Number of protein chains: 2
Amino acid sequence: MSSQPASSAVRLAAETWESLFRSQVAVMRKLQSGPAFKELPVKEYDVLFTLSRCPSGQLRLNEINDKVLLSQSSLSRLVDRLEKRGLVERTTAPDDGRGVLLSLTEAGSELQKTIGREHVRDIAHLVAPALTADEQRELLRLTEKLRASVAEH
Amino acid sequence: MSSQPASSAVRLAAETWESLFRSQVAVMRKLQSGPAFKELPVKEYDVLFTLSRCPSGQLRLNEINDKVLLSQSSLSRLVDRLEKRGLVERTTAPDDGRGVLLSLTEAGSELQKTIGREHVRDIAHLVAPALTADEQRELLRLTEKLRASVAEH
DNA sequence: TCAAACTAGATGCATTTGCATGTATCAGTG
DNA sequence: CACTGATACATGCAAATGCATCTAGTTTGA
């Protein structure tokens with residue numbers, strides 16, 4: 001298969017992950033320190049964002065939990081906070097009495113859009129000067145491929 | 001400059017970041033649930049790892065803080081915990097009385113190596129099946145380029 | 001059909017985190 | 001050299017997080 005010793009393959013994978021991880025840290029650092037997240041912590045925004053991207057407008061809590069790096073209980077309480085602020089609504093899932101469907105309220109949708117506009121600008125200011133459009137497309141492709149593969153296994 | 005409308009450039013940057021972020025979440029999820037991190041939380045391991053990679057064997061707290069996604073105070077207390085477990089040592093920086101140099105103890109070095117071996121295997125099991133060696137090298141290059149650019153600005 | 005096993009989500013509680021602030025040291029200016 | 005402001009790290013305290021567990025609804029299989 002490989003023309004290289006196994007240790008090199010392992011090493012390359014480790015270095016790749018390390019670089020991906022550090023770049024994520026560096027970018028996230030900048031993003032979360034921006035003024036866009038004074039009103040709402042990044043993790044809470046991320047839930048609003050995820051809901052806003054969802055075609056049906058509703059997601060199960062466990063679906064959301066797959067997207068964010070939070071334990072199930074932490075997500076449950078994060079949603080408590082969002083609900084208390086009137087940004088989201090919990091509904092019992094119609095097909096499964098155990099499940100909870102989450103949806104944005106009007107206020108939640110508005111806040112997501114407001115923060116989102118600024119957030120997207122911040123992202124562009126960090127990413128665009130760093131990588132060409134082609135490089136961004138390639139990075140997008142590679143990370144998506146990685147994510148999809150990891151999600152399966 | 002660009003042959004595309006500005007909104008497309010912004011959109012591409014945002015999608016690229018989103019994909020990078022989600023892939024990081026997916027991989028980290030798997031990694032931190034592995035048995036390697038029963039003994040020591042990932043963030044604490046990361047500090048040991050960072051120290052182990054450092055040529056001088058010593059790093060200032062603020063240097064470490066650049067690498068991890070933690071507030072200054074959280075890192076300070078994380079180091080408290082590591083110190084209490086005898087895994088690291090604090091020393092006053094010789095050239096700057098305010099600074100603290102952190103170094104691994106023998107026990108800390110041992111634990112880092114033990115966890116590290118397993119951790120690296122776990123990484124390889126996730127990354128190697130997902131991307132070819134060339135793709136990994138490209139992902140490494142792009143994320144490093146992104147990190148370096150973000151670190152400057 | 002019904003009990004056992006499983007799944008989704010909520011909750012008690014101890015730990016971790018971050019914000020604001022405190023203390024000590026350093027660097028620059030008159 | 002004294003003074004002002006900045007930097008490095010520590011700490012009090014409130015909030016967020018995760019583990020273990022609980023409740024309720026669902027699936028399985030004898």
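This is a predicted model: local features need pLDDT of at least 70, side-chain atom pairs count only at pLDDT 80 or more; totals for chains, interfaces and linings use all residues.

Trainee: Why is A:Gln136 called buried?

Mentor: Buried means under 20% relative accessible area. A:Gln136 has 4%, so the label buried applies.

Trainee: Which residues does A:Gln136 touch, leaving out those up to four places away in sequence?

Mentor: In chain A, A:Gln136 touches A:Val127, A:Ala128 and A:Leu131. In chain B, its partners are B:Leu12, B:Ala13 and B:Thr16.

Trainee: How does the reach of helix 6 of chain A compare with what is expected at 1.5 Å a residue?

Mentor: Helix 6 covers residues 133–152, which is 20 residues. The expected span is 28 Å. From first C-alpha to last, helix 6 of chain A reaches 29 Å, close to that value.

Trainee: What does the same test say about helix 4 of chain A?

Mentor: Helix 4 of chain A has 13 residues, 72–84, and should span 18 Å. Its end C-alpha atoms are 18 Å apart, so the two values agree.

Trainee: How do you know that the buried residues of helix 4 of chain A line one face?

Mentor: List them, then look down the axis. They are A:Leu75, A:Leu78, A:Val79 and A:Leu82. They fall within an arc of 100°, so they line one face of helix 4 of chain A. An α-helix has 3.6 residues a turn, so residues three or four places apart point the same way.

Trainee: What do those buried residues of helix 4 of chain A pack against?

Mentor: Two helices and two strands of chain A. The helices are helix 2 (42–53) and helix 3 (61–67). The strands are strand 2 (88–92) and strand 3 (100–104).

Trainee: Which residues are exposed on the other side of helix 4 of chain A?

Mentor: A:Arg77 and A:Lys84 are exposed there. Just after helix 4 of chain A, A:Gly86 has a positive phi of about 75°.

Trainee: Which residues come nearest to DNA strand C?

Mentor: A:Arg77 is one of them. Of the atoms of DNA strand C within 4 Å of the protein, sugar and phosphate account for 62%.

Trainee: What makes A:Arg90 a polar contact of DNA strand C?

Mentor: The cut-off is a pair of N or O atoms within 3.5 Å. An N or O atom in the A:Arg90 side chain is 2.8 Å from a phosphate oxygen of DNA strand C. That pair meets the cut-off. The side chain of B:Arg81 has an N or O atom 2.7 Å from a phosphate oxygen of DNA strand C. A:Leu61 uses a backbone N or O atom, 3.3 Å from a phosphate oxygen of DNA strand C.

Trainee: Which helices each supply at least two residues of the surface near DNA strand C?

Mentor: From chain A, helix 3 and helix 4. From chain B, helix 4 (72–84). By class, that surface has nine charged, nine polar and three nonpolar residues.

Trainee: What surrounds DNA strand D?

Mentor: DNA strand D is surrounded by 21 residues, and the closest are A:Ser74, A:Arg77, B:Ser76, B:Arg77 and B:Arg90. Its surface draws at least two residues each from helix 4 of chain A and from helix 3 (61–67) and helix 4 of chain B.

Trainee: How do you know that bases of DNA strand D take part?

Mentor: Sugar or phosphate makes up 60% of the DNA strand D atoms within 4 Å of the protein, and bases make up the rest. An N or O atom in the A:Arg98 side chain is 3.0 Å from a base nitrogen of DNA strand D. For B:Gln72, a polar side-chain atom lies 2.9 Å from a base nitrogen of DNA strand D.

Terms used: Residues are numbered from 1 along each chain as its sequence is written. Chains are lettered from A and ligands numbered from 1 in the order in which they are written. Side-chain values use heavy atoms; hydrogens and water are left out. Helices (H or I, at least four residues) and strands (E, at least two) are DSSP runs, numbered from the N terminus. The expected span of a helix is 1.5 Å times one less than its number of residues. Buried means under 20% relative accessible area, exposed over 50%, partly exposed in between (1.4 Å probe, protein chains only). The arc is that of the directions from the helix axis to the C-beta atoms. Contact means heavy atoms within 4.5 Å. A residue is near a molecule or strand if one of its heavy atoms lies within 4 Å of it. A polar contact is a pair of N or O atoms within 3.5 Å; within protein, one must be able to donate a hydrogen and the other to accept it, and residues adjacent in sequence count only if both atoms are side-chain atoms. Ala, Val, Leu, Ile, Met, Phe, Trp, Tyr, Cys and Pro count as nonpolar, Asp, Glu, Lys and Arg as charged, and the others, Gly among them, as polar.
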